[in-house]
Amino acid sequence: MKKIVYIASALVLVLTGCTEEYDLNDRGLSVEELPGYVAFDSPGTNVNPGPVDVTEDEGTLELNVEVPTGTLTTVTVNYSFSGTAVFGTDFIVDGATSAGGSLDIDLPTSPAVDGRPINDDIIVELLQDDVADGDKTLIVTLDSASNAEGALAVGRGGTDFLKSTTVNIIDID
Ligand SMILES: [Ca+2]
C-alpha cells in the first residue's frame, strides 16, 4: 500500500510539472498557428500558371486541387463557376450545378509514390454544341474548404494565388 502511495505522489509531481505554462508573450515571442489551405496545383515550377487552352471536343479536363499543408481527414472544397461558358451547354461537372459544386479530397489509401500532396481533380466535361458560337471562358474559383477539424483557407497560403483557374474553351464549329 505504501508503494502505491509513493507512486501516486510521484505521478502528482509529474503531472504538476506538466501543467506549468510558459507565456511566450512575456519573453517577447508570439506563436501563430499556420492555417491549412487548399489550392489549385501549380504544375512544375511554374509560379504564374496561365489559362489552360482546350478545344470544345477535347472530352474531359482535370483540374487538380491539392492540400499542400496536409490533412488527417477528408477535405471538402466548395467551388463556383464564372465566365462566358454556360453550364449544360459548354461544359458540365458531375454533381455540380451552374453555380458550382463541391469536391471531396479523400486521404489516399496508400502512401503517395510521387511525393505529391493529397489531391484530387475537378473533372470538367467539355461539350461540343455544333454551333459556331465563338470561344468561351470558364473560371473555376475555390470558395471555401473544410475538414473534420474546421475550416481551411483557399488559395496558396490563403492568398488569391492559385485560388482560381481559367480555361479557354476554343470553338471548333
Ligand atoms: Ca461551339
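Hi everyone, let's start at strand 1, which pairs with strand 3 in the antiparallel sense over two bridges. A quick word on terms: strands (E, at least two residues) and helices (H or I, at least four) are DSSP runs numbered from the N terminus, and two strands pair if DSSP finds at least two bridges between them.

Before going on, please keep in mind that this is a predicted model, where local features need pLDDT of at least 70, side-chain atom pairs count only at pLDDT 80 or more, and totals for chains, interfaces and linings use all residues. Residues are numbered from 1 along each chain as its sequence is written.

Back to strand 1. Ala-39 has Glu-66 of strand 3 as its bridge partner. Strand 1 is also joined to strand 9, by two bridges, and those two run parallel; there, Tyr-37 stands opposite Ala-153. Which way do the residues of strand 1 point? Tyr-37 and Ala-39 point one way, Val-38 and Phe-40 the other, and all of them are buried. Buried here says that 20 or more other C-beta atoms, placed from the backbone, lie within 10 Å of the residue's own; exposed is 12 or fewer, and partly exposed is in between. In a regular strand the side chains alternate between the two faces of the sheet.

Strand 3 has another partner: with strand 7 it pairs in the antiparallel sense over eight bridges. Val-67 faces Ile-118 of strand 7 there.

Now let's step back. Of its 173 residues, 21% count as buried. Taking contacts between residues at least 6 apart in sequence, 79% join residues at least 24 apart; a contact needs two C-beta atoms, placed from the backbone, within 7 Å.

What about the core? The largest nonpolar core has 29 residues, and Val-38, Val-65, Val-77 and Ile-122 have the most contacts inside it. Among the elements giving two or more residues to this core are strand 1 (37–40), strand 3 (60–67) and strand 7 (118–126). Such a core is a set of buried Ala, Val, Leu, Ile, Met, Phe, Trp, Tyr and Cys residues joined through C-beta atoms within 7 Å. Leaving aside neighbours within four places in sequence, Val-65 touches, by that contact rule, residues including Val-38, Phe-40, Val-77 and Ile-122.

Two loop residues deserve a look. Asp-130, in the loop between strand 7 and strand 8, has a phi near 60 degrees, a positive value in a residue other than glycine. Leu-162, in the loop between strand 9 and strand 10, also has a positive phi near 60 degrees. Is each one buried or exposed? Asp-130 is exposed because it has 9 other C-beta atoms within 10 Å, whereas Leu-162 is buried because it has 23.

Finally, confidence. pLDDT is the predictor's confidence in each residue, from 0 to 100. The protein averages 85, and 80% of the residues score at least 70. Where pLDDT is low, the predicted coordinates should not be read in detail.
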